[in-house]
Amino acid sequence: SYVEERLAHLAILRRGDLSAPGTCVLAVYADDPFAPPGVAWAIKVPRETAKILCLWFNSTLNLLQMLQWRKETRGAFMQIDKYTLLEEIKVPDPAQLGGDARRRLLEVFERVRSQRLPSVLEQLRGRHLIRRLIDRAWLETLGYEGDIESALDKLYGAVLREIESLKELMKEGKAS
């Protein structure tokens with residue numbers, strides 16, 4: 001019954017190290033429902049909604065909020081409590097998106113869904129094409145009117161510095 005209750009098309013990371021080489025995404029989608037491990041939240045929504053939300057949770061805009069709302073543990077290790085997820089984290093409502101926006105996001109999802117990604121740090125450091133594609137789609141969907149490429153470069157630099165600073169703090173804590 002534990003597994004049955006957790007079956008979903010979407011899972012988002014609730015505990016993990018953002019600076020770890022193996023942390024490549026913050027959310028995963030599967031066509032067939034699956035039960036995620038205990039370090040992830042199962043999000044029970046229809047498939048199309050799950051795809052759009054998967055893009056959101058893997059965007060740098062969401063990563064920035066995760067850094068803001070994470071429970072302090074140690075360094076770049078984050079934990080998002082359920083009440084934070086439900087009450088603090090801002091998530092666009094896919095049902096409120098217009099047809100063109102939904103179509104654009106679903107097209108981006110299909111383009112990126114099976115791509116292998118380096119770690120989050122490497123994505124930010126290298127201004128990875130897939131990350132840019134996801135973030136550009138969200139900024140356009142949310143109506144951003146400035147220079148998207150310049151904004152993304154600044155955002156990636158700021159988020160990268162924050163994660164690297166947290167990683168250094170974690171190293172210093174181990175040395176003492």
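This section describes the fold, the helix packing and selected residues of a predicted model.

The protein contains 8 helices and 5 strands. Along the sequence, these elements follow the order α-β-β-β-β-α-α-β-α-α-α-α-α. Of its 176 residues, 47% are buried. The accessible surface of the protein amounts to about 9,500 Å², and carbon and sulfur atoms account for 52% of that surface. When contacts between residues at least 6 apart in sequence are considered, 75% of them join residues at least 24 apart.

Two packed helices are described by the angle between their axes and the distance between the axes. Helix α2 comprises residues 47-57, and helix α5 comprises residues 99-112. The axes of α2 and α5 are 9 Å apart and meet at an angle of about 75 degrees. Because angles of 65 to 115 degrees count as roughly perpendicular, α2 is classed as roughly perpendicular to α5. On the α2 side, the contact is formed by Glu48, Lys51, Ile52, Cys54 and Leu55. On the α5 side, Arg102, Leu105, Leu106, Val108, Phe109, Glu110 and Val112 take part. Sorted by class, the residues of this contact are 8 nonpolar and 4 charged, with no polar residue.

Helix α2 is largely enclosed by the rest of the structure, since 9 of its 11 residues are buried. The buried residues of α2 are Thr49, Ala50, Lys51, Ile52, Leu53, Cys54, Leu55, Trp56 and Phe57. Among these, Lys51, Ile52, Cys54 and Leu55 are buried and also belong to the contact with α5.

Helix α5 also packs with α7. The axes of α5 and α7 come within 10 Å and cross at roughly 175 degrees. Angles over 145 degrees count as roughly antiparallel, and α5 is therefore roughly antiparallel to α7. Helix α5 contributes Ala101, Arg104, Leu105, Val108, Arg111 and Val112 to the contact. Helix α7 contributes Ile130, Leu133, Ile134, Ala137, Trp138, Glu140 and Thr141. By class, the contact of α5 with α7 holds 9 nonpolar residues, 1 polar residue and 3 charged residues. Leu105, Val108 and Val112 of α5 take part in the contact with α7 and are likewise listed in the contact with α2.

Helix α7 spans residues 129-141. At 1.5 Å a residue, its 13 residues should span 18 Å, and the end C-alpha atoms are 18 Å apart, so the two values agree. Helix α7 is mostly covered, with 10 of its 13 residues buried. These are Ile130, Arg131, Arg132, Leu133, Ile134, Asp135, Ala137, Trp138, Leu139 and Thr141. Of the α7 residues that touch α5, Ile130, Leu133, Ile134, Ala137, Trp138 and Thr141 are included, and each of these is buried.

The backbone was also examined on either side of α7. Most residues other than glycine have a negative phi. Arginine 127, in the loop between α6 (120-125) and α7, has a positive phi, near 50 degrees. With a relative accessible area of 29%, arginine 127 is partly exposed. Just after α7, glycine 143 has a positive phi of about 85 degrees.

Two further positions illustrate contacts between residues separated in sequence. Arginine 6 is part of helix α1 (residues 2-6). Its relative accessible area is 14%, so arginine 6 counts as buried. Arginine 6 and phenylalanine 34 are 28 residues apart in sequence, and their C-alpha atoms are 7.4 Å apart. Beyond its neighbours within four places in sequence, arginine 6 contacts Phe34, Ala35, Pro36, Pro37, Gly38, Ala40, Ala42 and Lys44.

Cysteine 24 is located in the loop between β2 (15-17) and β3 (27-34). Its relative accessibility of 21% places cysteine 24 in the partly exposed class, because buried requires a value under 20%. Cysteine 24 and glutamine 123 are 99 residues apart along the chain, yet 8.2 Å separates their C-alpha atoms.

Terms used:
Residues numbered from 1 in each chain as written. Predicted model: local features only at pLDDT ≥ 70, side-chain atom pairs only at ≥ 80, totals over all residues. Heavy atoms only, no water. Helix = DSSP H or I, 4+ residues; strand = E, 2+ residues; numbered from the N terminus. Buried < 20%, exposed > 50% of the residue type's maximum accessible area, 1.4 Å probe, protein only. Contact = heavy atoms within 4.5 Å. Areas by Shrake-Rupley, 256 points an atom, 1.4 Å probe, with all protein chains shown as cover. Expected span 1.5 Å × (residues − 1). Axes fitted to C-alpha atoms, helices over the stretch in contact; angles between N-to-C directions. Parallel < 35°, antiparallel > 145°, perpendicular 65-115°, else oblique. Nonpolar A, V, L, I, M, F, W, Y, C, P; charged D, E, K, R; others polar.
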